[in-house]
Amino acid sequence: MAEMIIPYPQLQKILERTCELAVIKPRAEEMMDIVEKKLADLFEVAYENAMAEGSETIKLRHIPITKGFKNSMNLFRAVIEDEKVQMEPIRKFVLKKIPGDIPLEEEVVNELPTIAGTLFVLVGRVIKALHPEIKNVYPEHIEEAEKVLDYTL
């Protein structure tokens, strides 16, 4: 199981407010596994983009962030302020998970907590889009969301 990038009580509130879903801790941990994988995928592409451009650093433009991802980022940003989510522990945790072949620009480092949190919200939003009637997250919902995100991110 993945370590919790964001403390579980805050994750519960974030998922409730952004997706109208309830999640127990084991399901939140399963969702975090997906977040870690998708974070690695995003930075693998960012690394490739930086190399193709001949850049010595990974810039925000190298990370494949779509319009839908940006919309979810804005949703996450709105909630984290209210929930008083501490960004520095998230930033440190995420920095440990990203391969260090090319340094990250400061703007990217500053956005890491938001990117990671947004991935969590995206897992929830995919679940809600596939099952608008549900309130509680079950393993099969997480498996479906992972498949969708594997195809799209």
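Reader: Is Asp150 buried, partly exposed or exposed?

Author: This is a predicted model, in which local features need pLDDT of at least 70, side-chain atom pairs count only at pLDDT 80 or more, and totals for chains, interfaces and linings use all residues. Residues are numbered from 1 along each chain as its sequence is written, and side-chain values use heavy atoms, with hydrogens and water left out. Buried means under 20% relative accessible area, exposed over 50%, and partly exposed in between (1.4 Å probe, protein chains only). Because its relative accessibility is 45%, Asp150 counts as partly exposed.

Reader: With which residue does the side chain of Asp150 meet in a salt bridge?

Author: A salt bridge here is a side-chain nitrogen of Lys or Arg within 4 Å of a carboxyl oxygen of Asp or Glu. For Asp150 the N to O distance is 2.8 Å, and the partner is Lys38.

Reader: How many residues apart in sequence are the parts that this pair ties together?

Author: Helices are DSSP runs (H or I, at least four residues) and strands likewise (E, at least two), numbered from the N terminus. Asp150 lies in helix α6 (residues 139-152) and Lys38 in helix α2, so the parts tied together are 112 residues apart in sequence.

Reader: Is Lys38 buried or exposed?

Author: The relative accessible area of Lys38 is 3%, and therefore this residue is buried.

Reader: Which residues do salt bridges that share partners join into one network?

Author: Side chains of opposite charge can pair when their charged atoms come close. In this model, the salt bridges that share partners form one network of Lys38, Asp41 and Asp150.

Reader: Why are Arg27 and Glu30 separated by about one helical turn?

Author: Their side chains meet in a salt bridge of 2.9 Å, N to O. Arg27 is buried with a relative accessible area of 16%, and Glu30 is buried with 18%. An α-helix has 3.6 residues a turn, so residues three or four places apart point the same way. Arg27 and Glu30 are three residues apart in helix α2 (residues 25-53), which means a separation of about one helical turn.

Reader: How many salt bridges does the count come to?

Author: Under the rule already stated, the count comes to 10.

Reader: How far apart in space are Val121 and Ser72?

Author: Ser72 is in helix α3 (residues 67-83), and Val121 is in helix α5 (residues 106-130). Ser72 counts as buried because its relative accessibility is 1%, and Val121 is buried at 0%. They are 49 residues apart in sequence, yet the C-alpha to C-alpha distance is 6.9 Å.

Reader: Which residues does Ser72 contact, leaving aside neighbours within four places in sequence?

Author: Contact means heavy atoms within 4.5 Å. Under the exclusion you describe, Val121 is in contact with Ile14, Thr18, Cys19, Leu75 and Phe76. For Ser72, the contacts are Thr118, Leu122 and Arg125.

Reader: What covers the buried residues of α4?

Author: In helix α4 (residues 87-97), the buried residues are Met87, Ile90, Arg91, Phe93 and Val94. Their cover includes α2, α3 and α5.

Reader: Where is Glu20 found?

Author: Glu20 is not a glycine, although its phi is positive, about 55°. Its place is the loop between α1 (8-19) and α2.

Reader: What is the radius of gyration of the protein chain?

Author: The protein chain has six helices and zero strands, and its C-alpha atoms fill a box of roughly 45 × 30 × 30 Å along the principal axes. The radius of gyration is taken over C-alpha atoms, and the globule rule is 2.2 Å times the number of residues to the power 0.38. A compact globule of 153 residues would therefore be near 15 Å, and the protein chain agrees with its 15 Å.

Reader: What percentage of the 153 residues is buried?

Author: Of the contacts with a separation of 6 or more, 71% come from residues 24 or more positions apart. Buried residues make up 49%.
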